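Subject: Structure for your review

Dear colleague,

Please find the sequence and the structure below. My account of the findings follows directly after them.

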Amino acid sequence: MLYVDVNVKCVTTVTPAQKRPILPMFELTKDHEDFRHVVRDFAEREVAPHIAQWDRDHHFPSHLVPQMGELGFFGLVVPEEYGGAGLDEGAFTYLCLAIEELGRVDQSVGITLSAGVGLGINPILTYGTEEQKQRFLPDLVSGKTLAGFGLTEPDAGSDAGATRTKATLADGQWTVNGAKAFITNSGTDRTSVVTVTAKTGERADGKPEISAIMVPSGTDGFTVEPAYHKLGWHASDTHGLTFSGCVVPQENLLGERGAGFKQFLKTLDDGRIAISALAVGLAQACLEQVTEYSKTRTAFGKPIGINQGVSFQVSDLAVMVEAARLLTYKAAWLKDELESGRRSVAEVKQAAAIAKLYSTEAAVTGTRIATQIFGGNGFMEEYPVARFYRDAKILEIGEGTSEVQRMVIARGLGLPQ
Amino acid sequence: MNIVVCVKYVPDAQGDRTFNEDNTTDRANVDGLLSELDEYAVEAALKIVEAGEGEVTVVTVGPEQAADALKKALQMGADKAVHVSDEAIHGSDAVATSLVLAEAVKKIGSPDLVLTGLSSTDGTMSVVPAMLAERLGLPQVTQVSTLEVADGTVKGRRDGDAVSESLEASLPALVSVTDQINEPRYPSFKGIMAAKKKPVETWSLADLGVDAGQVGLDAAWTKVESFAQRPPREQGEIVTDEGDGGTKLAEFLAAQKFV
Ligand SMILES: Cc1cc2nc3c(=O)[nH]c(=O)nc-3n(C[C@H](O)[C@H](O)[C@H](O)COP(=O)(O)OP(=O)(O)OC[C@H]3O[C@@H](n4cnc5c(N)ncnc54)[C@H](O)[C@@H]3O)c2cc1C
Ligand SMILES: Cc1cc2nc3c(=O)[nH]c(=O)nc-3n(C[C@H](O)[C@H](O)[C@H](O)COP(=O)(O)OP(=O)(O)OC[C@H]3O[C@@H](n4cnc5c(N)ncnc54)[C@H](O)[C@@H]3O)c2cc1C
């Protein structure tokens with residue numbers, strides 16, 4: 001399949017200095033499609049037959065992590081020296097394909113990869129010292145271990161700058177105190193480290209200085225709270241974290257002191273495109289389910305899909321899937337172009353927010369259409385659309401709520417702040 | 001240790017099965033894939049070579065699209081591939097297929113081991129391996145669920161309903177393997193990228209010195225006369241339990257000769 005966005009009007013703002021053609025040309029190559037094939041095959045054979053059970057049992061399928069590692073999923077954006085694919089071009093697009101295809105079968109497994117790379121590996125790869133990279137990346141890439149990123153706190157979510165967690169430096173050691181909420185991949189049997197943002201002082205302008213600090217699992221004073229009871233994403237690992245007098249060496253600072261805020265904003269841009277891909281997978285799955293069901297389910301002696309009240313909903317969903325996919329892969333392409341120095345951070349930020357906003361809302365609408373078309377069956381856990389319905393809502397919340405995306409987009413358009 | 005694995009390109013079992021006007025399976029216009037049962041043979045070959053040394057060559061006889069089956073095997077880790085493709089092969093029966101395969105294997109070189117699947121997932125005759133072994137003059141160890149290669153011999157276990165047989169043959173030999181032998185790997189990202197650079201040769205019947213009159217529909221010993229789609233499944237019988245449900249159930253099972 002070829003995705004060239006000839007019909008898409010790009011609303012990305014570009015400052016005059018960097019004017020570019022309104023319609024960028026991007027396409028998914030045969031290599032991309034070959035890879036999609038393999039991920040789909042893997043998801044259908046290794047995930048699909050078991051997922052209903054894992055979902056019911058709130059079971060985190062830890063065994064899939066090294067399997068995905070072996071297939072190279074965690075290393076797509078990583079250089080060869082740390083065990084990754086070492087791609088010169090197009091790495092992020094491959095990652096999005098993997099997330100979309102896993103997400104088409106199950107969102108929990110999709111987010112495990114998305115967070116594993118976007119929140120676990122990425123910050124270390126981007127900001128880590130050589131020593132930190134050598135220490136953590138090879139095992140994260142192989143899927144032997146997982147890492148999390150702790151930004152959100154009970155009282156600081158959308159307003160992540162309101163971080164209360166504190167880290168003080170004394171005698172070459174950081175002492176961390178505070179709490180984090182809803183941290184993905186933070187409490188699995190293979191989690192090796194969680195990077196947390198913490199206040200490390202005050203800046204000259206009186207604002208808090210925020211830095212990122214790596215806290216290895218099992219460190220004294222670092223408690224992983226019991227798993228949450230979630231509406232969806234039952235097979236994904238999410239925990240609250242508590243730090244009380246938790247001491248780590250000074251070298252565990254990730255990136256520059258005081259750069260924590262800037263770093264996480266950049267991390268989130270990538271993460272948003274990844275969540276957008278996850279949403280595309282979900283909307284696609286809904287489209288496939290309702291297309292089939294509308295043909296086979298009969299009412300009043302006819303297949304239900306013969307009624308325009310049903311078929312038009314399916315048509316609308318098809319449009320949403322197509323649009324969401326184009327926005328997502330355009331953003332992924334821009335991100336890859338950014339890596340090659342051909343696009344700006346501002347363009348990627350805007351495209352990421354637009355894609356995330358549209359795709360996640362399309363996924364939520366798509367799951368609502370799917371459960372509606374499935375009728376009573378759509379409310380039954382025997383049918384995957386029920387799980388899809390529960391899994392969708394978080395997409396509009398995590399990695400920045402829909403409101404936050406709209407704020408970012410408005411800012412990108414230059415509206416008064 | 002040089003191994004040749006015969007892999008067949010078959011229509012995707014999940015898609016609709018269609019036939020050509022001459023009652024042969026439509027392989028050209030449908031989604032196809034590497035016959036799943038042949039993935040086990042590829043995996044077995046890769047395991048042997050990875051444990052020691054040598055090269056795995058995969059060979060297929062089939063239309064242009066059959067290159068996809070070779071690609072999958074190369075992505076899994078095979079070293080090189082041979083595609084035998086010729087209009088004249090269309091409609092070949094098992095006898096002719098085994099002839100073409102035998103000539104291809106000879107041209108590849110003298111492998112230490114020829115591996116095949118248990119059966120194709122479309123023709124499902126399971127006879128090609130035996131025919132191929134005869135044509136190549138190799139001992140045949142068929143339908144094994146274990147495989148061990150050491151000191152110039154190959155050993156395997158064939159599991160039957162009542163007994164398991166332990167078989168042994170000297171190398172070179174031909175072995176067909178079942179789906180119990182291993183867990184075929186998925187191609188890794190690196191495997192997909194590496195496969196693009198691996199050599200694929202395409203041979204015609206002329207390249208193999210096979211006369212077109214020996215293969216194809218006209219030369220086939222058997223022909224498919226006609227085909228019919230299986231009728232859609234009918235609704236089962238519903239038994240209402242009026243106190244005699246157990247009896248009715250037992251009667252039904254007895255009538256079907258299940259008990
Ligand atoms: C399953 C799951 C996994 C998660 N994984 C992680 C993780 O790995 N790491 C991590 O750091 N976080 C993670 N999160 C946290 C997630 O990113 C936050 O929940 C999210 O950013 C929203 O923050 P909040 O919950 O504090 O909501 P709040 O910030 O309290 O927002 C509440 C509501 O107010 C709205 N709102 C807030 N401010 C404004 C405004 N200025 N204008 C308009 N509306 C506004 C919001 O949009 C929202 O609707 C996860 C969450 C969940 C549920
Ligand atoms: C409906 C139908 C009915 C048929 N009936 C007959 C019949 O009665 N008599 C007859 O002679 N033919 C028949 N054929 C044709 C026969 O299936 C094909 O000629 C086929 O190439 C050989 O048999 P098989 O697919 O059953 O292979 P099998 O013997 O089941 O295959 C075993 C193994 O041999 C190898 N192999 C088989 N074919 C190839 C290939 N093309 N390339 C590489 N490796 C291969 C694979 O490793 C495979 O796992 C029929 C085909 C169909 C679709």
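Is the crossing of H3(B) and H4(B) left-handed or right-handed? The crossing of these two helices is right-handed; a crossing is called right-handed if the near helix is turned clockwise from the far one by less than a right angle, and left-handed if it is turned anticlockwise.

Before the details, a note on conventions. This is a predicted model, in which local features need pLDDT of at least 70 and side-chain atom pairs count only at pLDDT 80 or more, while totals for chains, interfaces and linings use all residues. Residues are numbered from 1 along each chain as its sequence is written, and chains are lettered from A and ligands numbered from 1 in the order in which they are written.

The two helices of chain B

Helix H3 (residues 94-108) and helix H4 (residues 128-136) of chain B have axes that come within 9 Å and cross at roughly 50°. Axes here are lines fitted to C-alpha atoms, for helices over the stretch in contact, and angles run from 0 to 180 degrees between N-to-C directions. The angle makes H3(B) oblique to H4(B) (under 35 degrees counts as roughly parallel, over 145 as roughly antiparallel, 65 to 115 as roughly perpendicular and the rest as oblique). Helices are DSSP runs of H or I with at least four residues, strands are runs of E with at least two, and both are numbered from the N terminus.

On the H3(B) side, the contact includes B:Ala94, B:Val95, B:Leu99 and B:Val105, and on the H4(B) side it includes B:Val128, B:Met131 and B:Arg135. Two residues are in contact if their C-beta atoms, placed from the backbone, lie within 7 Å. The residues of this contact divide into 10 nonpolar, 2 polar and 1 charged (Ala, Val, Leu, Ile, Met, Phe, Trp, Tyr, Cys and Pro count as nonpolar, Asp, Glu, Lys and Arg as charged, and the others, Gly among them, as polar).

Chain B as a whole

Chain B has 7 helices and 12 strands, and its C-alpha atoms fill a box of roughly 70 × 45 × 40 Å along the principal axes. Of its 259 residues, 39% are buried. A residue is buried if 20 or more other C-beta atoms lie within 10 Å of its own, exposed if 12 or fewer, and partly exposed in between, with C-beta atoms placed from the backbone.

Two backbone features of chain B deserve mention. A cis peptide bond, with omega about -5°, joins B:Leu171 and B:Pro172; B:Pro172 is in the loop between strand S10 (164-170) and strand S11 (173-177). B:Lys257 has a positive phi of about 60° although it is not a glycine. B:Lys257 is found in the segment after helix H7 (245-255) of chain B and is exposed, with 6 other C-beta atoms within 10 Å.

Chain A

Chain A has 11 helices and 10 strands. The C-alpha trace spans about 80 × 55 × 40 Å along its principal axes, and 52% of the residues count as buried.

The axes of helix H7 (residues 260-296) and helix H8 (residues 308-339) of chain A come within 9 Å and cross at roughly 155°. That makes H7(A) roughly antiparallel to H8(A), and their crossing is left-handed. Their contact residues divide into 18 nonpolar, 6 polar and 3 charged.

Helix H9 (residues 345-373) and helix H11 (residues 402-412) of chain A also have axes that come within 9 Å, crossing at roughly 145°, again in a left-handed manner. The contact residues of this pair divide into 6 nonpolar, 5 polar and 4 charged.

A:Leu395 lies in the loop between helix H10 (384-392) and H11 of chain A and is buried, with 28 other C-beta atoms within 10 Å. Beyond its neighbours within four places in sequence, A:Leu395 is in contact with A:Ile275, A:Leu278, A:Ala279, A:Thr360, A:Ala363 and A:Val364.

A:His58 has a positive phi of about 50° although it is not a glycine. A:His58 lies in the loop between helix H2 (51-57) and helix H3 (64-70) of chain A and is partly exposed, with 16 other C-beta atoms within 10 Å.

Where the chains meet

The contact between the chains takes 10 residues from chain A and 6 residues from chain B. The chain B side divides into 4 nonpolar, 1 polar and 1 charged.

With kind regards
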